[in-house]
Amino acid sequence: MKTTPEQSEQRDGTATGPGAGLGTRERIVRATARLMQRQGYEGTGIKQISREAEATLGSVYHFFPGGKQELATEAIRHGDREFAEMLRRALESRPDPAEAVLAVAKDVAAELRASDWLDGCPVTATSLGTAAHAPDIRLAASEAFERWRGLVRDKLLACGFGAQDALELAHTVINTLEGAEFTAQVARDEEPLLIAGRHLARLIDSYR
């Protein structure tokens with residue numbers, strides 16, 4: 001007999017871990033995002049996701065009949081929303097776009113350090129090595145990067161930059177921060193991100 005979302009919720013009971021208070025589906029998505037952010041796609045299994053989310057395997061497959069690839073796609077979308085919100089707050093924290101981008105780099109560095117260097121970019125960690133054979137994962141990752149570039153571009157446009165300059169600088173900002181975050185994570189040192197932020201700020205200033 002096909003189960004309903006309500007029946008799946010009842011079967012899983014009440015979560016007591018980090019997802020306490022969340023519905024079963026949301027706990028599964030957040031657990032997947034957290035695990036794949038730290039372990040990557042290949043290093044994360046459905047059973048581990050089930051345990052981390054405090055959900056039965058039946059519930060995982062009920063909500064995500066597409067299995068691990070569908071879970072990864074939703075995890076990327078979750079990571080996309082979380083980083084976009086952090087990026088938006090940092091960009092809005094400074095009226096000057098160069099100072100705002102430096103603030104982004106500092107915030108990324110602070111969050112990475114707070115996670116003991118475990119939580120790198122959720123989109124890159126999940127999609128790396130899978131995008132070539134998983135079009136849904138590739139599309140979700142592409143949409144995430146486009147959203148982040150759009151936030152930077154809109155900040156630059158609002159500050160009077162030309163459309164083409166804003167677009168190209170937005171690509172440069174996101175690409176540079178992605179690489180710097182990975183380097184900082186491997187080195188367990190925030191300096192690569194802080195250096196990247198300072199040089200991106202100088203680059204933006206040079207376009208005025």
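I worked with a predicted model, where local features need pLDDT of at least 70, side-chain atom pairs count only at pLDDT 80 or more, and totals for chains, interfaces and linings use all residues. Residues are numbered from 1 along each chain as its sequence is written, and side-chain values use heavy atoms, with hydrogens and water left out.

**Helix H6**

H6 covers residues 97–114, 18 residues. From first C-alpha to last it reaches 25 Å, close to the 26 Å expected at 1.5 Å a residue (1.5 Å times one less than the number of residues).

I checked the start of H6 and found a side-chain oxygen of Asp96 within 3.0 Å of the backbone nitrogen of Ala98. Just after H6, Asp116 has a positive phi of about 60°.

I then listed the buried residues (under 20% relative accessible area, 1.4 Å probe, protein chains only). Among them in H6 are Pro97, Val101, Val104, Val108 and Leu112. Their cover includes helices H5 (67–92), H8 (135–158), H9 (163–187) and H10 (191–206).

**Largest pocket**

I turned to the largest pocket, with about 650 Å³ of space. Of its 31 lining residues, Gln37, His78, Glu82, Glu111 and Asp119 are the closest to its centre. (A pocket is an open set of points on a 1 Å grid over the protein atoms alone, where a 1.4 Å probe fits, with protein on both sides within 12 Å along at least five of seven lines; lining residues have an atom within 4 Å of a point.)

H2 (24–39), H3 (46–53), H5, H6 and H9 each supply at least two lining residues. H2 gives the largest share, seven residues.

Technical notes:
Helix = DSSP H or I, 4+ residues; strand = E, 2+ residues; numbered from the N terminus. Buried < 20%, exposed > 50% of the residue type's maximum accessible area, 1.4 Å probe, protein only. Contact = heavy atoms within 4.5 Å. Polar contact = N/O pair within 3.5 Å; in protein donor to acceptor, adjacent residues only side chain to side chain. Points joined across faces, edges and corners; volume = space filled by probe spheres on them.
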